[in-house]
Amino acid sequence: MALPIHELAALGTATCWATTGLIAADAVRALGPFWFNLLRQGFVTLLLALILTATGGWHGIDAMTAAVLGLSGIIGILLGDTFNFAAVGRLGPRRAGAIFALNAPMAAIMGWAFLDEALPLQAIVGIVATAGGVALAILGRTRADAHRLERLQGGLMIGVLLGLCAAAGQAAGSLIARPVMAAGLDPWLASLFRVGASGLAMGLIASLPFAPARPTPISRLTLGLTAATAIIGLLLGMTLFLFALQGGETGIIATLSATSPVIILPLLWLRTGQRPKGLSVLGACLAVLGLGLIFTR
């Protein structure tokens with residue numbers, strides 16, 4: 001049986017976001033979550049505008065659709081991503097990714113409550129199994145000699161709160177964008193309006209007296225890491241996510257996209273040299289089982 005292309009796109013999103021979480025930590029800690037997010041959004045907005053100009057993709061959107069996408073971007077990217085990267089800076093990519101994965105059940109509940117998205121029992125079991133597997137995959141204390149990417153910086157509870165705010169922002173942003181994407185809007189064009197609106201709002205905030213202080217100097221390595229996360233996480237990951245929302249229920253797409261903490265385990269192993277614990281491997285297997293139930297429903 002052929003796997004649904006929109007759900008495969010959601011797994012592609014998870015892979016992009018897992019990679020972003022792995023390479024973002026150092027840049028976030030150097031720039032701060034606000035300026036890191038602002039720089040990457042400005043870069044991606046420019047790239048998307050160039051892509052749409054080159055392909056003649058500037059059509060098919062009206063003022064109301066643009067406003068809806070703008071609101072979705074401000075909630076999902078400005079708030080969701082900024083809170084998420086703040087959590088990454090404090091907790092590291094593994095813990096922050098696990099908390100961010102809670103956007104999946106949040107989105108499923110919102111989709112049922114506001115969009116009347118009823119899911120079959122097998123899909124519900126698959127969502128629960130996947131979410132449970134993601135949670136198991138990140139349990140366990142980090143060793144005292146843990147790699148710097150795994151160490152805590154700042155208060156644990158503040159990091160958890162930031163992660164929960166990020167998850168809620170991502171879920172709400174997905175819910176707002178879902179009806180527009182289901183109508184068949186070009187994902188590249190939708191990405192531009194979401195990212196552009198968020199970047200514009202962040203630019204306005206940056207000009208205010210209470211804005212976070214601008215980091216100086218910024219190293220070439222930090223700029224390179226920021227650009228890499230922009231291309232992988234926003235340009236590719238966000239566009240794949242919007243494409244996935246064209247043909248899949250909000251809860252299922254959010255669940256598949258939230259498997260990034262499972263995908264990040266082998267990536268962290270390669271990066272840090274620290275093998276995942278047995279409980280993490282068990283969680284990954286449970287998540288794969290849940291994915292199988294979702295795909296075969």
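Which residues form one aromatic cluster? W17, F100 and F241 do, and the views below start from there.

This is a predicted model, in which local features need pLDDT of at least 70, side-chain atom pairs count only at pLDDT 80 or more, and totals for chains, interfaces and linings use all residues. Residues are numbered from 1 along each chain as its sequence is written, and side-chain values use heavy atoms, with hydrogens and water left out.

**View 1. The aromatic cluster of W17, F100 and F241.** Searching the whole structure turns up 4 aromatic pairs. Rings of Phe, Tyr and Trp (its six-membered ring) pair if their centres lie within 6.5 Å; planes under 30 degrees apart count as stacked, over 60 as edge-to-face and the rest as tilted.

**View 2. F34 beside W35.** The ring centres of F34 and W35 lie 5.7 Å apart with the planes at 85°, so this pair is edge-to-face. F34 has 11% relative accessibility and therefore counts as buried (under 20% relative accessible area; exposed is over 50%, partly exposed in between; 1.4 Å probe, protein chains only). W35, at 9%, is buried too.

View 3. Helices (H or I, at least four residues) are DSSP runs, numbered from the N terminus. Both F36 and F85 are buried.

**View 4. Helix α10, residues 250–257.** Since 8 of its 8 residues are buried, helix α10 is largely enclosed by the rest of the structure. Among the buried residues of α10 are T250, I252, I253 and L256.

Note on methods:
Helix = DSSP H or I, 4+ residues; strand = E, 2+ residues; numbered from the N terminus.
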